[in-house]
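Okay, thanks for coming, everyone.

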Amino acid sequence: MKIKINKEFYKNTSFKLGALSLIILLSLLTSSFMFNSQIDKLKKRIDYIYFGNYIPVLKLHTLEESYKDLIKCMRTYKRCDRDPFFEEIKKEWTYYDNAYKDIEERKIVEKISVDVKNSLNYKTKISQYKNVIKEIDFLKEHEKTVAYKKRQAFLEEYTSMKDYLFYNMIILLFVSFVFISLIIYSIIKKDNQLKILTKKYKLDSITDSMTQLYNRKYFDKIFDNMPFISNANKWKSAFIMLDIDFFKQYNDTYGHDMGDTTLKLVASSLKNYFNREYEYVFRLGGEEFGVILFDIDEDILKDCLADVNKNIESLNIEHKNSKISEVVTISIGAVIYEANSYVSCNKLYKVADECLYKSKQNGRNQFTIYKEGE
């Protein structure tokens with residue numbers, strides 16, 4: 001069962017971590033796509049500013065220089081060959097005129113375009129060329145003004161874009177943090193549940209299922225180490241064996257279900273009484289119980305065992321076929337281990353069992369103590 005739970009835990013954890021990775025990947029891809037799309041828009045804006053505004057200004061400057069050169073030629077030579085100038089002006093103006101213009105700009109350019117085209121003949125006077133130059137100067141200033149406004153608009157859009165990307169990244173980080181926190185919380189929660197279950201299964205492995213006392217397996221572990229623990233701490237320790245009197249007759253009279261109930265009641269009484277640190281209560285098998293007490297005094301032990309006899313009797317569990325009482329009673333045998341006496345566990349167990357037998361021989365519902373080492 002424990003292995004199954006671990007597999008399920010790791011299966012769920014792997015699934016959630018995989019889901020988290022997918023979410024983060026998709027988020028990053030989405031963020032990358034948005035970022036790239038915004039950068040593309042930014043690039044178009046930059047291209048538009050430079051190629052839509054800066055280059056037309058250069059073209060207008062070239063046109064202006066061409067007209068000035070034409071005027072200079074006309075003033076220098078009576079028969080100035082204007083054709084090369086006309087071709088250059090026509091080429092530069094065509095390029096400028098075909099460049100993108102918004103509706104307002106197009107209205108201005110169309111008016112000036114008529115004057116430029118009319119100037120491309122031999123009848124045009126220098127004064128008319130000068131007027132065209134003034135119009136070109138106007139266009140240059142207009143282009144600069146438009147470029148400035150568009151740059152301002154670009155800077156505003158760029159700032160807005162930066163904020164947009166920044167806040168999107170913040171949201172992405174927040175969402176990722178929330179998901180990661182949820183996964184970590186889930187893992188910690190599952191881990192705590194697993195620890196609780198592991199502790200429970202560990203406790204179950206050393207606990208008698210019926211009485212909820214420690215079982216024989218755990219008794220062997222503690223009992224085998226009792227001399228070592230006592231020697232190391234220089235404690236007197238006690239091993240106690242307890243047996244319900246005439247329990248076979250009880251089962252024969254009241255049935256095994258009532259017998260199980262009686263075992264639970266006796267076990268509960270023992271567990272409630274020996275409930276301090278270094279006190280261990282076991283079910284050794286059948287109606288037999290064991291108790292190990294560390295750091296105990298003989299006089300205190302006598303008082304404890306007397307109390308146990310009284311407590312079991314005071315449960316008032318009817319036992320009409322008992323030969324010594326009308327209620328369930330218990331017989332006790334105990335041995336005290338002196339620190340560094342180096343008596344074996346086997347001998348301690350045998351002596352306690354002999355003490356229990358002596359209690360039964362002497363009439364039951366009593367205790368017998370043997371202090372080892374005396």
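Let's start with a quick one: is alanine 306 buried, partly exposed or exposed? Alanine 306 comes out as partly exposed, with a relative accessible area of 25%. For the cut-offs, buried is under 20% relative accessible area, exposed is over 50%, and partly exposed is in between, with a 1.4 Å probe and protein chains only. Alanine 306 sits in helix H8, and its C-alpha atom is 9.6 Å from that of asparagine 365, 59 residues apart along the chain.

Before going further, the housekeeping. This is a predicted model, so local features need pLDDT of at least 70 and side-chain atom pairs count only at pLDDT 80 or more, while totals for chains, interfaces and linings use all residues. Residues are numbered from 1 along each chain as its sequence is written, and side-chain values use heavy atoms, with hydrogens and water left out.

Now the overall layout. We have nine helices and five strands, where helices (H or I, at least four residues) and strands (E, at least two) are DSSP runs numbered from the N terminus. Reading from the N terminus, the order is α-α-α-α-α-β-α-α-β-β-α-β-α-β. Of the 374 residues, 37% are buried. If you take contacts (heavy atoms within 4.5 Å) with a separation of 6 or more, 74% of them are between residues 24 or more positions apart.

On to the inside. By a nonpolar core I mean a set of buried Ala, Val, Leu, Ile, Met, Phe, Trp, Tyr and Cys residues joined through side-chain atoms within 4.5 Å. The largest one has 28 residues, and the members touching the most others are Ile240, Leu242, Phe274, Phe289 and Leu301. Which elements give two or more residues to this core? They are strand E1 (237-244), helix H6 (247-254), helix H7 (256-273), strand E3 (288-294), helix H8 (298-313) and strand E4 (330-337). H8 gives the largest share, five residues. There is also a second, separate core of 23 residues, with Phe239, Tyr280, Ile292 and Ala352 among them. As background, nonpolar side chains in soluble globular proteins tend to be buried together.

Have a look at phenylalanine 289 while we're here. Setting aside neighbours within four places in sequence, its contacts include Leu213, Ile240, Leu242, Leu263, Leu270 and Phe282.

Another residue I'd click on is asparagine 231, in helix H5 (residues 216-233). At 17% relative accessibility, asparagine 231 counts as buried. Not counting residues up to four places away in sequence, asparagine 231 touches Tyr337, Ala339, Asn340, Ser341 and Tyr342.

Next, the pocket. On a 1 Å grid over the protein atoms alone, a pocket is an open set of points where a 1.4 Å probe fits, with protein on both sides within 12 Å along at least five of seven lines, and lining residues have an atom within 4 Å of a point. The largest pocket holds about 230 Å³, the volume being the space filled by probe spheres set on the points, which are joined across faces, edges and corners. Its lining has 13 residues, and Arg276, Glu279, Ile296, Ile300 and Cys304 lie nearest the centre. E3 and H8 each supply at least two residues of that lining. By type, the lining splits into eight nonpolar, one polar and four charged residues; here Ala, Val, Leu, Ile, Met, Phe, Trp, Tyr, Cys and Pro count as nonpolar, Asp, Glu, Lys and Arg as charged, and the others, Gly among them, as polar.

Last topic, salt bridges: a side-chain nitrogen of Lys or Arg within 4 Å of a carboxyl oxygen of Asp or Glu. How many are there by this rule? The count is 13.

Take lysine 360 and aspartate 243, with their closest N and O atoms 3.0 Å apart. Lysine 360 is in helix H9 (residues 345-361) and aspartate 243 in strand E1, so this pair ties together parts 117 residues apart in sequence. Lysine 360 is partly exposed at 25% relative accessibility, whereas aspartate 243 is buried at 7%.

Then there's glutamate 298 with lysine 302, at 3.9 Å between the closest N and O atoms. Both are in helix H8, four residues apart, about one turn of the helix. Glutamate 298 is partly exposed at 22%, and lysine 302 is partly exposed at 36%.
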